[in-house]
Amino acid sequence: MIRRDRIGRRAAEHMLDDAAAGGRAGAGPLASVLARAAAPPRDTEYAGEDAAVTAFLAEHLVPVDQSRREQMIKSPLAKLLTVKAGALALTLGAGGAALAASSGAFSATAHTHVQGTGPAASGQESVGSQAAVRASAAGTSAGVSAGQQAAARPHALSTAGAAQICRSLANQAYATVKHVNVAAVGVLTEAGLQNALASSALGQIIDGPAFSSLVAAAEGGSNTPDFCGIVLHLAKLPEGGSLPKLPASVLTGLPASVVSQLPASALSGLPASDLSGLPLAFVSRLSAPALAGLPAGTLAKLPAGVLTAAAIKLPGASLSGLLPKLSAPALAAVLPKIPATSLTGIPTGTLAGVLAKLPAKTLAGILAKLPASVLSQLLPQLPSSVLSGLTGSIRSALPASVASLLP
């Protein structure tokens, strides 16, 4: 049966235009409804935005029966509503980007400031209209489920993205403590970052959706402060005692470029028992000064190649702290490869104690490359039992300048 009381295209167009202009006095109920729908949104209407987007996406993933779709688009009013709703969605999408950015939502490769500290860079995954359009195809919403997506893929968060979110987290904590707007915080100093990440205010904000990807990468909120301390290369970790509690998967998953930049001072205050519990894949990539500060028990677990690479980079003063902690086999592998100029920077008393651990042949090789001025002070401090191990064949292989100084 053909119905003749349907609204025509022109009439529907007028109604929508009148609604957009605020409606006309005495207009019908439909025009009033459209006018209210076209009014600017109130703040309270944003309260359920996340839930609405999630529900929409869940529903959107269910295919709509083709016959229903064809019936829906036959109505002129439905066609107009579809076109104008699409334009409205794009407009709101642009505003949604600002809203999502202000709430601190991050994608798995986030490089964007939160709380309006900076615009999203071109080509990056970010909250907003572009991410929303992509989400309809991928089944995710960048503004709502970026943290959930990162939680499913803990290591998807890039190092640069983690550093960016760590700074944003510190800014939020600082703003909470100081009772100021986060936009007014600016760039925190290293001490400011350290104090902010160690403050009790962190617990009030770390569970927010803006930081879910960071918490997922650290595999827990309690791990996040020290994780950020490593990523930001802080001289002192916010909660140093928590470092051994970081999962091995997190520590070993950090790039060597990040681990090698962790200052030695960040580990200097930790007890030997904590340092000994760190995974070797993490420890072996520390900088040479950081390695020099590790306890003997931890150094004994490292390959000779790692120790040698660190020792070659260290000056004599730092070698004085490292070499005495090495075992005899490790010293026999490391010392021959250390330049004589570095060895001469070690106090003779310390060097004598280190050389006394070496087998006679290795000791002779070290003595042969030391200058006579150092040998004249060193040899009297070596135990006679060590020097007596230098057999005639070994002595004959030494330079005359060295052999002449032997007892």
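Contact means heavy atoms within 4.5 Å. Helices (H or I, at least four residues) and strands (E, at least two) are DSSP runs, numbered from the N terminus. This model is predicted, so local features need pLDDT of at least 70, side-chain atom pairs count only at pLDDT 80 or more, and totals for chains, interfaces and linings use all residues. Residues are numbered from 1 along each chain as its sequence is written, and side-chain values use heavy atoms, with hydrogens and water left out.

**Exercise 1. State how many helices and strands the protein chain has, and what share of its residues is buried.**

Solution. 
- Start with the elements. The protein chain has 29 helices and zero strands.
- Next, apply the burial cut-offs. Buried means under 20% relative accessible area, exposed over 50%, partly exposed in between (1.4 Å probe, protein chains only).
- Of the 407 residues in the protein chain, 38% are buried.

**Exercise 2. Find which residues of helix H9 are buried, and name elements that cover them.**

Solution. 
- Locate H9 at residues 190-198.
- Its buried residues are Gly-192, Leu-193, Gln-194, Ala-196 and Leu-197.
- Now look at the cover. It includes H8, helix H10 (202-205) and helix H12 (224-231).

**Exercise 3. Describe the disulfide and the parts that it ties together.**

Solution. 
- A disulfide is a covalent bond between the sulfur atoms of two cysteines.
- Here the test is a pair of cysteine sulfur atoms within 2.5 Å.
- The structure holds one disulfide. Cys-166 is joined to Cys-228, with S to S 2.1 Å.
- Cys-166 sits in helix H8 and Cys-228 in helix H12, so the pair ties together parts 62 residues apart in sequence.
- The angle about the S-S bond is -80°, and the link of Cys-166 and Cys-228 is left-handed.
- Both Cys-166 and Cys-228 are buried.
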